[in-house]
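These are my notebook entries on one protein model. I looked up its sheet, its core and its charged pairs in turn.

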Amino acid sequence: MIMKKYFYIGIVVILMISLAIVGYGAWLNYSDENQIASRMDNRTLQLKAAKAEVREMQPIITMETVRFVSERMTDAVALTDGRILQWYVEKNSNVNKGQVLLSMANDQIPLKIQQATSAVSRAEAALAQANSSYRRQQRLMAKDATSHEKYEEAEARYLAAKEALREAESQRDQYLVQKNWLSVTSPVDGDVLLIYQREGAYVQAGTPVALVGNFDRLTFALTVADSSTRRMELGESFELKFPNRWSMGKAYDTEFGAGNQGWNQKVKATLREIVPPLSEPADVRRAVWEVDNRTHLLEPLTYTGVIMQAVNPYKCLTVPLSSMYDNARNAVFVVDGDGIIHLRSVVTGADDDKYIEIREGLAEGDIVLVGNFEGLEDGMKAEIVLEGENS
């Protein structure tokens, strides 16, 4: 009995010790969780920040691709069939609108003109005979010496002969026009950029024989967000900066320099049109620029990596471009006086690739976070280091 008593006491003691160990472990776990939670609530992040400041801005638009076009560049087209006899100009020749570029031969046209001329002569003789008969019937009718039926018959023959002559003359004139078409002329003032057909080649009506263009004025158009056009004015100047690796080739093999004047090219452009105009509400607008290309540096081509910057600066409230929360550019993290961060909506404008204009949502002196925002949430506490200051 005594042994059993000690046995049961031992079991109770072991159970009590086990329960104590489990309870102590649970207490430790609970205490650690509270400490971790407390540290999380009270943790302070070291983050970079910047002040919203008024700066001079020269907006930049980076264009991955931009197509320059000439509004005066078109094909010279053969208007009739024929074989090219002679070119009067060469490639890269400067020509005026209406200047003869080449002459062609078509043996059928002179033959058709001769046949049409003979037809006109026959029609004229028939008309003269019909006219004489008609006038005679008029005189007899006035004396009641002929019937009304004969008079009307003579009149009908006369009118038909007049119409036959008009048709014959029209046919002859058409062939004479085709004869003139054997000389192909320039459709615009400019330079002969390409020659498609050579002497001796037979071409059909509608076949392009040469490309003539004037590159003195080139235009390009962009679809731009409304916020980026608000500061733009028609007639405003912009500077186009071409990349270091600007193509050295030329599409039209012209004699003037086109894309081969070295690197870091800069070209002036003038804002010519904004559609729809700024007076009308729109989310995006089509802006058209014109380039004075009388130096013939550019060609009507697609260029890549071109940067366009406004020449005239203006003052506006700005923050670093790196303060934008995401690509939408409509929110920033603002730090209040207690060091708490808040995600705030803003209305932005143009940027210069370093700073961005703030039109609504911030005031001068507001502090915004810059850099990487991964893991940040509204309400967190931050210890900031302003850009340009030592930590």
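Predicted model: local features only at pLDDT ≥ 70, side-chain atom pairs only at ≥ 80, totals over all residues.

**Entry 1**

I then examined S17 (residues 314-320) and S21 (residues 355-360), which are joined by three bridges. Threonine 318 has glutamate 357 of S21 as its bridge partner.

**Entry 2: nonpolar cores**

I found 28 residues in the largest nonpolar core. Among those with the most contacts inside it are Phe220, Trp289 and Met308. Several strands each supply at least two residues of this core, including S3 (60-67) and S12 (217-225). A second, separate core has 22 residues, including Ile84 and Val209. I also listed the contacts of tryptophan 289; among them are Leu218, Phe238 and Met308.

**Entry 3: salt bridges**

My search of the whole structure gave 15 salt bridges. In one of them, arginine 157 meets glutamate 153 at 2.8 Å, N to O. Both residues lie in helix H3 (residues 148-181), four residues apart, about one turn of the helix. Arginine 157 counts as partly exposed because its relative accessibility is 41%, between the limits of 20% and 50%.

Arginine 344 forms a salt bridge with aspartate 366, with the closest N and O atoms 3.5 Å apart. Arginine 344 is in strand S19 and aspartate 366 is in the loop between S21 and S22, so the pair ties together parts 22 residues apart in sequence. Finally, I noted one network, joined by salt bridges that share partners, which includes Glu71, Arg217 and Arg272.

Notes. Residues numbered from 1 in each chain as written. Heavy atoms only, no water. Core = buried A, V, L, I, M, F, W, Y, C linked by side-chain atoms within 4.5 Å. Buried < 20%, exposed > 50% of the residue type's maximum accessible area, 1.4 Å probe, protein only. Contact = heavy atoms within 4.5 Å. Pairing = 2+ DSSP bridges. Salt bridge = Lys/Arg side-chain N within 4 Å of Asp/Glu carboxyl O. Lists of a residue's contacts leave out its neighbours within four places in sequence.
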